[in-house]
Structure formats: C-alpha cells, structure tokens
Amino acid sequence: YVVLCAGLDVCFVGVPLDAGTSNRSGTRFGPRQIRSESCIIRHVNNATGAQPFDSIQVADVGDVWMNIYNLPEACKNIKDGFTKLMSTGCKTLAVGGDHTITWPILQAVKEKYGPVGLVHIDAHADTNEGLLGAPVNHGAPFRHAAVEGCLDCKRVVQIGLRGTGYAIEDYEWGKKQGFRIVQAHECWHKSLAPLMEEVREMMGDGPVYISFDIDGIDPAFAPGTGTPEIAGLTPIQALEIIRGCRGLNIVGGDLVEVSPPYDTTGNTALLAANLLFEMLCVFPGVKYADV
C-alpha cells in the first residue's frame, strides 16, 4: 500500500464486500462494474470547470485485501489497509461494497484526522444497534462510528432518508447525538443548493468525510442496489449535494451499495462512476477553470 500510494494525493480503492447486507447481495461486484463503466469518464468537469487530473496526483490502487469469510475480521483488514494507504498522506475514495465498510474506514480516518464531520447521502440512517443480534452489518456503521468518537456528531448531516422502518423512533438516536436529519420528502421538488449552503456553514473548516449510498438515489435511476426505497433523490440533486461540498476540508469519501446483479443496464454503476468523479472534483487542491 505504501508503495502504491507514494506521491499520490487521492486514490480510488475497491472494497468488494457484501457480507454485511440484509437484503439483496451482490455489492462485492460493485468495484469491478463501476471501474468498467468509468471508461467513459473524461478529464474535465465541463459544468464546474474542475480539472482534477491536471491538478493533483490520482490513481486507482486496486482492492483492499480482506477475509470475505469473516465479517468482523474483514472490518479489521479494511481498517488496517486504509491506515496504510493514508500513512503516505494520500486521501482515499472507497468504491464499495456494502455500507459496512464505512465504519472501519472511519476508524482509520480518526487515527489520522481525529473526529470528522460527515455528509451522508442514503435512504437509511444506518444507526441500528444491531440486526438479529449481529452488531456488525451495513445498517450500523454510523452508530459504531459515533460511539467510538470517529464522528464530530454536531457536524453530521444525513440526506435522503426515507422508506419503511423498524420503529417510529428510527431516527431519534441520531438526532440525540446531534445529527441533522433531512428526510427525502423534505427534498422533493426543490433544489438542494440552499441546503448545502447551510451544510457548508455547519461543517466549517474541520475535516469532512463524504459517504454516498447509491440507494439515496431513487431506484428509477439506480435500481442496481440491495435495499431500494421509492421516492428518493434525483441524480441532479446528487450533483447539487456533492458540488455543494466544494471548499470543505474533505479528507476522504466512499460510494457504496452498487449491486451489479440487479443493474441489468449498467446505469447504476455508470451513475456511481460519475458521482465518484464529482467527489474527486471537490477535494482540496483541485483547480477550477472559469466556465
């Protein structure tokens, strides 16, 4: 890892895990398919003027090694792998994989940057205490991260939450920690640019991590995911959120939950590849041309 990341500012790294899923599996194939669809991504963001590949050193360093037969051990492997990646000063954009991966990544991020602010786009809060008695799963990463001090809980925003739940209090735990919850119905029929002005003020100058679950997007646009929920965000709103993070002290990010077996057209992975490019464009150091 140290050799691979030497001299890099940002790296893409695959995390092909789906042992933490609760519904439809297949996200272990996400990194592979997103890479395949990324072949159409060009160098310049013509909308914003961002030119990441001409500004900073970027590379895909392959997949992190993990024991896919043992979920708790896999999380330890992910944490160790990202710790090594970041030891060079390289920031990471993880390509999932299910949302379990964000917990060990945030453990590694905490060791380097301390508690971070979080911009989390998702249909689900992922703050369950456990599922069927299992504490490690894709519905719990932000509970673990908050309890362990990986998050600066007063600088956490969750956008796009929706769908049926286990209890009417599903979002209360996060609210009690200080999370700002923005449910999907609050986003219907409107631009999210004003929301992101508030988010930038909320995040301030401190370190920020972006975690994007593809199921935050409506399944009409992103059907290839394990736990789809109707009436979600649009790709346009997704771009508003990510572009709204420009200027923040971003130290890492991920995009998770693309499940190619349910993505018959490849459109979900194509959307994911574009969102990852947009995330790269808002990292510190990226230069912008006037457009």
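Glu 257 is not a glycine, yet its phi is positive, about 75°. It is also buried, with a relative accessible area of 2%. By buried I mean under 20% relative accessible area, with exposed being over 50% and partly exposed in between, using a 1.4 Å probe and protein chains only.

Okay, some ground rules. This is a predicted model, where local features need pLDDT of at least 70 and side-chain atom pairs count only at pLDDT 80 or more, while totals for chains, interfaces and linings use all residues. Residues are numbered from 1 along each chain as its sequence is written, and side-chain values use heavy atoms, with hydrogens and water left out.

Let's go inside. In soluble globular proteins, nonpolar side chains tend to be buried together. Here, the largest nonpolar core has 47 residues, and Ile 34, Val 119 and Ile 159 have the most contacts inside it. Helix H9 (residues 267-281) supplies the largest share of this core, 10 residues. There is also a second, separate core of 43 residues, and among its members are Leu 8, Val 15, Trp 103 and Cys 150.

A contact here means heavy atoms within 4.5 Å.

UniProt, in an unreviewed entry, places a "binding site" feature at His 99, Asp 122, Asp 213 and Asp 215. A word on that record: positions are in the numbering used here, feature names are shortened, and annotations may be inferred rather than shown by experiment. These residues span 117 residues in sequence, but no two of their C-alpha atoms are more than 10.7 Å apart, so they gather at one spot. From this set, His 99, Asp 213 and Asp 215 are in the lining of the largest pocket.

Asp 122 sits in the loop between strand E4 (116-121) and helix H5 (141-147), and it counts as buried at 0% relative accessibility. Setting aside residues up to four places away in sequence, Asp 122 touches His 99, Ile 159, Gly 160, Leu 161, Asp 213, Asp 215 and Gly 216.

Asp 215 is in the loop between strand E7 (207-213) and helix H8 (235-243), buried at 2% relative accessibility. Its side chain reaches the backbone nitrogen of Ala 123 at 3.0 Å.

UniProt also lists His 124 and Asp 126 under "binding site", again in an unreviewed entry. Both His 124 and Asp 126 are included in the lining of the largest pocket. His 124 lies in the loop between E4 and H5 and is buried, with a relative accessible area of 17%. Asp 126 lies in the loop between E4 and H5 too, and is buried at 6%. Asp 126 has a positive phi, near 55°, in a residue other than glycine.

So what about the pocket itself? The largest one holds about 620 Å³ of space. Its lining has 32 residues, and His 124, Asn 128, Gly 165, Tyr 166 and Asp 170 lie nearest the centre. Helix H6 (residues 172-177) gives the most to that lining, with 3 residues. On a 1 Å grid over the protein atoms alone, a pocket is an open set of points with protein on both sides within 12 Å along at least five of seven lines, where a 1.4 Å probe fits, and lining residues have an atom within 4 Å of a point. Points are joined across faces, edges and corners, and the volume is the space filled by probe spheres set on them.

Gly 96 and Gly 97 are joined by a cis peptide bond, with omega about 15°. Gly 97 is in the loop between strand E3 (91-96) and helix H4 (102-113).

Key:
Core = buried A, V, L, I, M, F, W, Y, C linked by side-chain atoms within 4.5 Å. Helix = DSSP H or I, 4+ residues; strand = E, 2+ residues; numbered from the N terminus. Polar contact = N/O pair within 3.5 Å; in protein donor to acceptor, adjacent residues only side chain to side chain.
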